[in-house]
Amino acid sequence: ADARRPLMAGNWKMNLNHFEANLLVQKLAASLSEKQLTDVEVAVLPPFTDLRTVQTAVDGDKLLIVYGAQDISTHKSGAYTGEVAGSMLEKLGCTYVLAGHSERREYHNEDDATVNAKVKAAFENNLTPILCVGEGLSVREENGHVAHCTSQVDAGLAGLKPEQVKQVVIAYEPVWAIGTGKTATPEDAQEVCGEIRAQLAKVHGSEVADAVRVLYGGSVKAANIAQIMAKPDVDGALIGGASLDAEEFASIARFKE
Ligand code: PEP
């Protein structure tokens, strides 16, 4: 995992206004040293309405924090009321965009084909997709979690070029561990992250598989991140609730210390 720079990405979900967003990025950057922000990549994923705020803070103060959006339209432009195009995100200086977060899959009926179209839309606009996969509780109880996640990965990456797959970030987020306070054990996280990498190697070759960063997500906090990051196939985390607290998120980014 040494060649892969750890990524800690904070998913703010539908939280924070302009003032709170500004305060949070400033505090987060002030809590981490230049070395810490070089060793570990720290990203925030605000609501669309806070992206300009975050861009202004990051550019204005040359913060070593990157940012991205929580969703992207599959369309380029046009009569799609309420949607936000990849070209708009690119112009706002976004680095990342989530594709297929479980809340999008569940509440907005995003299927694998839609998620795949979003991954492609990201690449068309020079954004790096963070492809989210993960099983619900019933699939886990039937022991179908590995097959479920590797199939979501295959579908999400269908039709990409090898050099694109290399850049993708994958987030394994067991749905039963998101926002519930139930963290998967480090062994659970490693099992699925390892199987995802093995599947990538099978489909895209080991050079590609070795380059892809696989994150864990689901009730990550400062108290559990070190054990999770100790696993060889876990290259970072996607953090919801805990990313809304600058000190907590900064402590997560300092997991090595
Ligand atoms: C998420 O939504 O991506 C997430 C992992 O949330 P939480 O950390 O709150 O469980």
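The model is predicted: local features need pLDDT of at least 70, side-chain atom pairs count only at pLDDT 80 or more, and totals for chains, interfaces and linings use all residues. Residues are numbered from 1 along each chain as its sequence is written.

**Barrel**
- Eight strands form a closed barrel in the order β1-β2-β3-β4-β5-β6-β7-β8, with parallel pairing; strands pair if DSSP finds at least two bridges between them.
- Helices (H or I, at least four residues) and strands (E, at least two) are DSSP runs, numbered from the N terminus.
- Strand β3 (residues 66–69) pairs in the parallel sense with strand β4 (residues 96–99) over two bridges.
- In this region, G68 stands opposite Y96 in β4.

**Helix pair α1 and α3**
- Helix α1 (residues 18–30) and helix α3 (residues 51–60) have axes that come within 9 Å and cross at roughly 35°; axes are lines fitted to C-alpha atoms, for helices over the stretch in contact, with angles from 0 to 180 degrees between N-to-C directions.
- The contact (C-beta atoms, placed from the backbone, within 7 Å) involves H18, A21, N22, V25 and Q26 of α1 and T53, V54, A57 and V58 of α3.

**Loop residues with positive phi**
- Most residues other than glycine have a negative phi.
- N143, in the loop between α7 (137–141) and α8 (145–156), has a positive phi of about 65°.
- N143 counts as exposed because it has 8 C-beta neighbours inside 10 Å; the cut-off for exposed is 12 or fewer, and for buried 20 or more, with C-beta atoms placed from the backbone.
- S219, in the loop between β7 (213–217) and α12 (222–229), has a positive phi of about 55°.
- S219 counts as buried because it has 20 such neighbours inside 10 Å.

Methods
Contact = placed C-beta atoms within 7 Å.
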